[in-house]
Amino acid sequence: MSRIAYVNGRYLPLAEAKVHIEDRGYQFSDGVYEVIAVQSGRLVDLDPHLDRLWRSLAEIELAPPMSRRALVSVMREMVRRNGLAEGILYLQVTRGAARREHGFPNPAPRPALTMTVRRSRPPSAAQFADGVTVITIPDIRWKRRDIKSISLLPNILGKEQAHRAGAFEAWMVDPDGTVTEGTSTNAWIVTMEGALVTRPLGPEILPGVTRAGILALARKSGLRVEERSFTVAEAKRAREAFITSTTSWALPVVSIDGEPVGNGHPGSVCASLREAYRRNHVEI
Ligand SMILES: Cc1ncc(COP(=O)(O)O)c(C=O)c1O
């Protein structure tokens, strides 16, 4: 079955789905996006994703392209038309098409809303069982990483650097030596004393939806949780490390810059949080 995309009010075969050459997303990265997992044909953690989208839109002073209710019905229609059981839905909103001037166009064009879906599976059992590796790189991004902007050049370059180094992910590091996050994931460690540590929310990181879900589950299970920054050196000395995201859930990190984390094997805290997350958030 050919994939169907949504472009500004129309459902079209992917090959025919086009946006204007002067779309500000295309010319300036003037837009925001969301990626939502689909499991058993259902949108996982829909509300927190929409909350974050509305926040990103407000932060760049862009009006929502339609009501939240209407957006949800388009999203569900995309899942239905594509017969998507397991995969992801990508949606993007830009400031629309206008003559290329940096300032906001006046009058404001209609925001452009596009959506695609794609079949995909969560990480394989082997990846959960064996863990993945990360490298560390300087965080060269702008200072509003809390906005889910479509401007992802530093993230793309960082991920490519990781792949060329044979790693799954790159952890980005601020000039003070603290880990901000992965190029498409949030970063976590479990200290030798058993505390679960992840960076607090703020302009330095994206407020991950999976991060929020995992944090809530950790607190409920009575784990000691510390929302604070940690350095690369502390991560290398940790008992466990892992990453979270919509597409990777909670995936153990077994080495950082070629040095093993803990005993070099995935840890039990990551595994039990992932299992709790799967039970509570993902229907399979
Ligand atoms: C930079 C960055 N951090 C963290 C995440 C994880 O966020 P979420 O759990 O909402 O997928 C993502 C997801 O794409 C990301 O791009």
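How far apart are the mean positions of the positive and negative charges of the chain? In this predicted model, the 38 positive and 31 negative charges have mean positions that lie 5 Å apart.

The C-alpha trace spans about 55 × 40 × 35 Å along its principal axes. A compact globule with 284 residues would have a radius of gyration near 19 Å, and the chain agrees because its own value is 19 Å. Of the 284 residues, 51% count as buried. The accessible surface comes to about 13,600 Å², and carbon and sulfur atoms account for 53% of that area.

The fold comprises eight helices and 15 strands. Where residues at least 6 apart in sequence are in contact, 71% of those contacts join residues at least 24 apart.

D45 is placed in the loop between β4 (42-43) and α2 (46-59). Although D45 is not a glycine, its phi is positive, at about 55°. E61 is located in the loop between α2 and α3 (68-81), and this residue, likewise other than glycine, has a positive phi near 55°. E61, by contrast, is exposed because its relative accessible area of 61% is over 50%.

A further backbone feature concerns a peptide bond. N106 and P107 are joined in the cis form, with omega about 5°. P107 belongs to the loop between β5 (87-94) and β6 (112-119).

How values were computed
Residues are numbered from 1 along each chain as its sequence is written. This is a predicted model: local features need pLDDT of at least 70, side-chain atom pairs count only at pLDDT 80 or more; totals for chains, interfaces and linings use all residues. Side-chain values use heavy atoms; hydrogens and water are left out. Helices (H or I, at least four residues) and strands (E, at least two) are DSSP runs, numbered from the N terminus. Buried means under 20% relative accessible area, exposed over 50%, partly exposed in between (1.4 Å probe, protein chains only). The radius of gyration is taken over C-alpha atoms; the globule rule is 2.2 Å times the number of residues to the power 0.38. Contact means heavy atoms within 4.5 Å. Accessible areas come from the Shrake-Rupley method with a 1.4 Å probe; for residues, only the protein chains shown count as cover. Lys and Arg count as positive and Asp and Glu as negative; His and the chain ends are not counted. The place of a charge is taken as NZ of Lys, CZ of Arg, CG of Asp or CD of Glu.
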